[in-house]
Structures are given as structure tokens and as C-alpha cells.
Amino acid sequence: MRTAIRRMIDHKRSEQSRKARERLASRLEVPIGEVADQDDTLILLFMCCHPSLTPASAIALTLRAFGGLTTTQIANAFLVGETTMAQRIARAKQRVKASGVPFRMPTPEERTARLRTVLHVLYLIFNEGYASSSGRELHRADLSDEAIRLTRMLQRMLPEDGEVAGLLALMLLIDARRPARTDAAGELITLAKQDRASWNQALIVEGTTLLNQVVSKGAVGEYQLQAAIAAVHDRARRADDTDWPQILGLYGLLEQMTRNPIVTLNRAIATAMVDGPSAGLALLDEVADRLNGHYRVDAVRAHLLEMTGDKKAALDHYRAAAEHTMSLAERRYLTTQAARLRMPLQSR
């Protein structure tokens, strides 16, 4: 019954996303009939990534238009306020409508100009589907499955593009773990405690093969580096077998390439696993201000403080993280961690 209910919810969300795409096309007055033989979702994706928009506005509009994400979820992905994001999306809609762009696949030149933004959109949609930033469920399989489907289409369209292949490999290697991310009650299970025998080995093989093919061709991009990190995790039969020095090195390269604070946050975790929790905490202090109070800073700090043995401080940060996350599944997990630490402290 639980599986059936979740499938029903996924189907409903998929239908809502489809209707949202149709509403957007109607508002933009685009002739859908001209492309009846093609996938209108992929066309809409490229259309929303029009060069008249800034990359940030294009991504936000596309996530709202056919990703079915709320303004709050998109704001969370960009680490900005909801009001700021609502204004950005409204302006983007007006610019696309005023541009008079026909509803069609772009020319090869247009496609090249928009591809980076398209990949970023697909990446964010997948992330929201794999680990929902808000709501009751940890997953939104309709989003992650759609992101994988569209990325497969792009990879068939552009088989020589290393970053398209890298993004697809990343999605497959991460999505392979989905069966082990929750228990029978739907509660979150961390990577270290997952039953790795239940990971989807077919997806791991496919993702690893694809990654090996593109890495051997030369230039390496950010999605290929992320896929390489995911592959290191997937190769480990047990959490204790994880090659953390390799992961730390890959995060260092990724940080140099992107300057993304979330990458630095993940590098802090890898640093703690290689050089000890104190080293990880020091790196976390360097990036905390850039993340503007994001709950993940408190969650990581709590974990690292617990590794040092400072359970009281860890308890406080687990509570702070639970208070600020909008994902009920993550909130339950963080609250459980806080309760686990509180009991020994109360018994003293």
C-alpha cells in the first residue's frame, strides 16, 4: 500500500508538471502544433534558457515552468530569499514573452550557447527529486526520473559532449543508491549506514562505463568530477572502504573549478575523514558565512563536533539544523540525532 500510494503521488505530480508546461506555453503564446513529432519538454527547456535571460533567471524560470518546483524550493537552491526569487521568475517570464522566440528546437549555434544553462537546470531538477528541499517525502521520483530521461535524450543528441555524459553518469551513480536511502517507514538512512547490497548495480555499471569513456577523451568538467566522486563512493563495498583521500583530492579540484560554497562544505567533510574532525571544522568556519545560515552548515558542524566527542555542542547544532530545514524527512532525522545525544547528557 505504501508503494502504491507513493506511485499515485508521483503520477499526480507528473500530471501537475505537464499541466504547468502547457500553461506556460499558453501564456507565452507559442505554437505547440509545430512540434508535434518532438518532445515538447526538451524544446521548452531550451526555450526557457534563451540568451535574452541571465543564466540565473533562465534556470529559475525553467525550474518553475516544467520542473514543478515552488518558488521557495528554487530560492533554497540559489540560497536567496523567496521574494527575490519570485521577482526574478516574473521578470524572466516577461522577457521570454517579449522576445517572440518560436517554440522549436534551437539551431546548433543556439544550442551550444544555451547548453551550459540547460545542464544546470537538469542538475538542479535531479537534486530536488533525489533529496527534496521541502515537504514530507525525502524523494520526488517524478523529478529525478524526468531529469535522467531528458539528460539521456541530450546525450543521444550530443554523444561527443563530455559534460552531458558526465552529468548523466552523475545522475545514474547517485540514483543507484535511492533504494537504500530510506527504511520501511520512509525514514532517512545516511550513506554510511545504507545497505549497499540494495544499490542498483545496473545503474552503477552504466554510470561508471559512461564516466570512463568521457574521462579518457581529455578535458574534464565539473559534472565529470562530481560523477568521479560518486563513483568512488559506489565502488566501496562498505563505508569503511571508502577512498577518502581520493575524494578529498577530487573535491579540491572541483572547488578550484567552481568556487561553489556547497563544494567547500563537502570538502570539509572529506577533510575530516582524512585529517580529523578538527581540520574539517576549521574549513567549515571558513565557508560558513558564504552559506548565510544554511541548515547544512549546522548539520555538518554537529556531525564533526560529535566526532570530536563534544556531544553537548553537537546536540545544539543538530537542533539548529532541524529547526531551519524545510524537509520533514531531514528534520525527523536531525531531531532523532539530537534526541540520541540528549539522553546520555540527561542521565549524568
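**Figure 1. Burial and overall make-up of the protein chain in the predicted model.** Of the 348 residues in the protein chain, 50% are buried. The chain contains 16 helices and two strands. Among contacts with a separation of 6 or more, 63% join residues 24 or more positions apart. The accessible surface comes to about 17000 Å², and carbon and sulfur atoms contribute 52% of it.

Figure 2. After the helix comes Arg259, which has a positive phi, near 55°.

**Figure 3. The buried residues of α11 and their neighbouring helices.** Trp244, Ile247, Leu248, Leu250, Tyr251, Gly252, Leu254 and Glu255 are the buried residues of α11. An α-helix has 3.6 residues a turn, so residues three or four places apart point the same way. The buried residues of α11 pack against α10 (222–235) and α12 (261–275).

**Figure 4. Packing of α12 with helix α14, residues 295–308.** The axes of α12 and α14 come within 11 Å and cross at roughly 5°. Angles under 35 degrees count as roughly parallel, and α12 is therefore roughly parallel to α14. From α12, the residues in this contact are Ile262, Leu265, Ala268, Ile269, Ala272 and Met273. They meet Arg296, Val297, Val300, Leu304 and Met307 of α14. The contact comprises 10 nonpolar residues, one charged residue and no polar residues.

Key
Residues are numbered from 1 along each chain as its sequence is written. This is a predicted model: local features need pLDDT of at least 70, side-chain atom pairs count only at pLDDT 80 or more; totals for chains, interfaces and linings use all residues. Side-chain values use heavy atoms; hydrogens and water are left out. Buried means under 20% relative accessible area, exposed over 50%, partly exposed in between (1.4 Å probe, protein chains only). Helices (H or I, at least four residues) and strands (E, at least two) are DSSP runs, numbered from the N terminus. Contact means heavy atoms within 4.5 Å. Axes are lines fitted to C-alpha atoms, for helices over the stretch in contact, and angles run from 0 to 180 degrees between N-to-C directions. Angles under 35 degrees count as roughly parallel, over 145 as roughly antiparallel, 65 to 115 as roughly perpendicular and the rest as oblique. Ala, Val, Leu, Ile, Met, Phe, Trp, Tyr, Cys and Pro count as nonpolar, Asp, Glu, Lys and Arg as charged, and the others, Gly among them, as polar. Accessible areas come from the Shrake-Rupley method with a 1.4 Å probe; for residues, only the protein chains shown count as cover.
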